[in-house]
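These are my notebook entries on a structure that I had not examined before. I kept each entry to what I looked up.

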Amino acid sequence: MMKKFKRVFLIVLDSVGIGEAPDANRFNDIGADTLGHIAERTGGLNLPNLAKIGLTHIRELEGVEKVIKPLGHYGKMKEASEGKDTMTGHWEIMGLNIRQPFRTFPNGFPQELIEKLKKKTGRNVIGNKPASGTSIINELGEHHYNTGSLIVYTSADSVLQIAAHEKVVPLEELYKICEIVRDLTLDEKYMVGRVIARPFIGQAGAWERTSNRHDYALKPFGRTVMNELKDRGYSSIAIGKISDIYDGEGVTETLRTTSNMDGMNKLIQMLDVNFTGLTFVNLVDFDAIFGHRRDPIGYGKSLEEFDSRLSEVIEKIKEDDLLIITADHGNDPVHHGTDHTREYVPLLVHYKRQNEGSNLGIRNTFADVGATIAENFHVDMPKHGESFLDNL
């Protein structure tokens with residue numbers, strides 16, 4: 001059978017939700033509306049390229065013009081899995097349905113886990129609370145440098161992060177410590193999605209995180225569409241933190257990134273590469289830099305920067321390419337707390353020979369994206385999700 005598209009480019013706008021999900025009350029997220037509230041707080045967004053492929057046909061947004069005939073298909077998706085974190089959302093996009101949510105630790109990690117960590121590593125622990133990586137290093141970096149104690153912290157995601165100065169805890173030791181902690185947190189009562197090494201350098205008042213970060217993630221709880229693509233000889237190219245999210249499962253090539261714009265640079269570079277399969281990119285700055293820090297103005301500017309680069313993607317895609325843009329959860333920057341928010345996510349689908357798009361409706365699971373990719377490449381379909389390939 002012929003493939004409808006030779007290459008699929010999947011962009012996840014990390015945390016760009018589009019209004020509260022039907023079950024938002026179960027997550028204390030009534031009223032959450034990431035895109036809507038950003039548009040209001042900024043006095044209107046300038047997103048002409050997202051509008052061109054159908055964003056304002058999903059819902060109208062202040063400042064964004066509603067084109068009469070969008071070039072893309074459009075809709076929105078609700079999450080079927082239990083949770084609203086990065087791994088749950090991404091795993092569902094690739095065909096899984098996660099029934100046991102990853103644990104988050106808003107009050108820090110249980111003392112019994114910390115004691116095990118200290119005993120296994122021979123180092124003391126400081127921190128043990130939710131914090132931004134830069135702020136906790138500024139707060140505790142000097143103490144760590146003088147004592148060798150590990151800086152342990154978490155976030156709104158299911159992560160246990162360990163920060164250490166590269167001169168105090170050599171990288172090899174830090175990575176070994178994270179492997180030990182990964183083993184400790186495999187216990188179901190902890191259910192930690194990722195353990196992350198966060199090395200830094202510098203001196204008091206001028207600490208600087210290095211690019212030697214390393215993630216130790218749980219493997220997906222089942223085979224994903226990426227596994228099927230790889231096993232059938234197709235490319236499955238991961239840009240940004242995608243490889244970490246899936247612990248390398250189903251990945252044929254990894255391209256690391258330092259920012260949203262670096263992610264877009266690498267995606268645009270892949271448009272000039274001859275391959276058959278999937279290129280999958282996560283743009284994390286929306287979530288990490290603006291959503292969790294509750295910065296709607298910065299978030300809005302970042303969305304506009306993405307939109308300006310999107311024009312290059314639309315221009316460069318070839319006749320047999322498919323572009324899919326979506327998100328993995330919400331992170332409303334005007335909502336209470338600093339947590340993710342349970343929201344619908346946008347679904348925008350575009351290809352070159354499209355003259356006018358249509359409404360893909362409300363999809364019951366993010367897995368519809370994975371099912372569509374699987375059907376296109378004639379690989380085994382995921383257990384969850386309904387393909388919209390025939391609607392394109």
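This is a predicted model: local features need pLDDT of at least 70, side-chain atom pairs count only at pLDDT 80 or more; totals for chains, interfaces and linings use all residues.

Entry 1: I then looked up how the chain is divided, and found two domains. Domain 1 takes in residues 7-100 together with 221-391, whereas domain 2 covers 111-217. Taken over C-alpha atoms, the centres of domain 1 and domain 2 are 30 Å apart.

**Entry 2: the interface.** I asked how many residues of each domain are in contact with the other. Domain 1 contributes 15 residues and domain 2 contributes nine. I next looked up the area buried between domain 1 and domain 2, which is about 1000 Å², with 52% of it on carbon and sulfur atoms. On the side of domain 1, M87, Q100 and D244 supply 44% of the area buried against domain 2, more than any other three residues.

**Entry 3: polar links and composition.** I searched for salt bridges between domain 1 and domain 2 and recorded a count of zero. For polar contacts across this interface, I recorded one residue pair. I then asked which elements give two or more residues to the side of domain 1 that touches domain 2. They are α4 (86-93) and α9 (242-245). I also sorted the residues on that side of domain 1 by kind: seven are charged, five are polar and three are nonpolar.

**Entry 4: helix α13.** I turned to α13, which spans residues 367-377, and found ten of its eleven residues buried. Among the buried residues of α13 I listed V369, I373 and F377, and also D368, T372 and N376. The residue that follows α13 is H378, and I noted that its phi is positive, near 55°.

**Entry 5: H335.** I located H335 in the loop between β12 (321-326) and β13 (345-350). Is H335 buried or exposed? Its relative accessibility is 12%, and H335 therefore counts as buried, the cut-off being under 20%. I then looked up the polar contacts of its side chain. The side chain of H335 is joined to that of D29 by a polar contact of 3.2 Å. A polar contact of 3.2 Å also joins the side chains of H335 and H336. Leaving out residues up to four places away in sequence, I found that H335 touches N28, D29, I30, A32, R294 and T341.

Terms used: Residues are numbered from 1 along each chain as its sequence is written. Side-chain values use heavy atoms; hydrogens and water are left out. Domain bounds come from an automatic or database domain assignment. Contact means heavy atoms within 4.5 Å. Buried area is the accessible area (1.4 Å probe) that two parts lose on being put together, summed over both. A salt bridge is a side-chain nitrogen of Lys or Arg within 4 Å of a carboxyl oxygen of Asp or Glu. A polar contact is a pair of N or O atoms within 3.5 Å; within protein, one must be able to donate a hydrogen and the other to accept it, and residues adjacent in sequence count only if both atoms are side-chain atoms. Helices (H or I, at least four residues) and strands (E, at least two) are DSSP runs, numbered from the N terminus. Ala, Val, Leu, Ile, Met, Phe, Trp, Tyr, Cys and Pro count as nonpolar, Asp, Glu, Lys and Arg as charged, and the others, Gly among them, as polar. Buried means under 20% relative accessible area, exposed over 50%, partly exposed in between (1.4 Å probe, protein chains only).
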